[in-house]
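Subject: Structure handover

Hi,

Here is the structure I promised to pass on. Have a look at it first, and then read my notes below.

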Amino acid sequence: MDSDTQQPSAVRAVLFDLDGTLVDSAPDLAAALNRLLVEEGKAELPYAVIRDQVSNGGNALVELGFGVKLGEPNQPELRQRLLNLYQENVAEHSSIFTGLEELLKEFDRQPVPWGIVTNKPRIYTDLLLRELRINAAAVVCPEDLGVSKPDPAPLLLAARQLATPPEQCLYVGDHVRDIEAGRRAGMQTLVAGFGYIGIHEQPSSWGADFIANTVPELNAWIRQRIA
């Protein structure tokens with residue numbers, strides 16, 4: 001690519017959010033929440049309703065299922081029980097989004113360094129990646145720096161681990177905090193529009209460089225940007 005200053009830098013490394021971007025983990029998280037609801041004598045929730053909240057984490061799922069917010073007395077217990085149920089079956093129905101595995105294989109062949117930056121706690125991240133046999137060159141979780149997205153620090157740490165300047169990194173995510181973190185880190189950003197985006201959310205307002213509504217669209221855009 002030429003050095004036209006109006007053009008963004010070529011992409012030399014790619015970083016992914018995990019849930020709803022690289023891995024379709026909603027089926028197992030939804031199953032865990034519905035198991036907990038049944039244990040508590042409540043009705044299960046439709047999968048589509050739960051899917052929209054998966055990227056917001058365990059606290060959001062507890063609030064969705066029980067109407068219990070962070071800070072209320074029984075919230076920590078419900079959240080921990082939810083996570084325990086999830087840990088028991090972290091990859092029973094989860095999988096890499098169809099079509100992304102081939103892109104990752106292309107990265108390994110070229111090679112293009114790639115990694116994962118997630119707000120998912122390390123214990124569940126490592127277990128999920130091991131079960132799905134995902135081998136990223138960098139995996140950054142909240143415990144590594146004590147901060148989470150939208151703080152850009154985890155993305156900058158991953159860039160250092162991949163030995164790539166932030167401006168030559170692409171961050172892919174399905175939540176506004178992903179795009180905010182990527183932009184604050186000085187990276188190019190891409191919205192995984194097929195991810196866990198609520199019906200009332202407006203990715204077009206997040207300021208990303210591109211919105212890919214399908215995996216093939218995502219793959220094609222990334223291939224064009226790779227140096």
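**What I found**

Let's start with a right-handed β-α-β unit, built from strand E4, helix H6 (residues 122-132) and strand E5. Right-handed here means that, with the strands pointing away from the viewer, the path from the first strand over the helix to the second runs clockwise. The element names come from DSSP runs, numbered from the N terminus: helices are H or I runs of at least four residues, strands are E runs of at least two.

Before you go further, bear in mind that this is a predicted model, where local features need pLDDT of at least 70 and side-chain atom pairs count only at pLDDT 80 or more, while totals for chains, interfaces and linings use all residues. Residues are numbered from 1 along each chain as its sequence is written, and side-chain values use heavy atoms, with hydrogens and water left out.

**Around E4**

E4 covers residues 114-117, and both of its faces are covered. Trp 114 and Ile 116 sit on one side, Gly 115 and Val 117 on the other, and all four are buried (under 20% relative accessible area; exposed is over 50% and partly exposed in between, with a 1.4 Å probe and protein chains only).

E4 also has partners. Strand E1 (residues 13-16) pairs with E4 in the parallel sense over 3 bridges; two strands count as paired if DSSP finds at least two bridges between them. Look for Phe 16, whose bridge partner in E4 is Ile 116. E5 (residues 138-140) runs parallel to E4 as well, joined to it by 3 bridges, and there Val 117 stands opposite Val 140.

Most residues other than glycine have a negative phi, and most peptide bonds are trans.

- Gln 110 and Pro 111 are joined by a cis peptide bond, with omega about -10 degrees. Pro 111 is in the loop between helix H5 (100-109) and E4.
- The bond from Lys 149 to Pro 150 is cis too, omega being near 20 degrees. You'll find Pro 150 between helix H7 (142-145) and helix H8 (153-161), in the loop.
- Arg 133 is not a glycine, yet its phi is positive, near 55 degrees. It lies in the loop between H6 and E5, and Arg 133 counts as exposed because its relative accessibility is 75%.
- Ala 163 has a positive phi of about 55 degrees, again without being a glycine. Its loop runs between H8 and strand E6 (169-173), and at 69% relative accessibility Ala 163 counts as exposed.

Cheers
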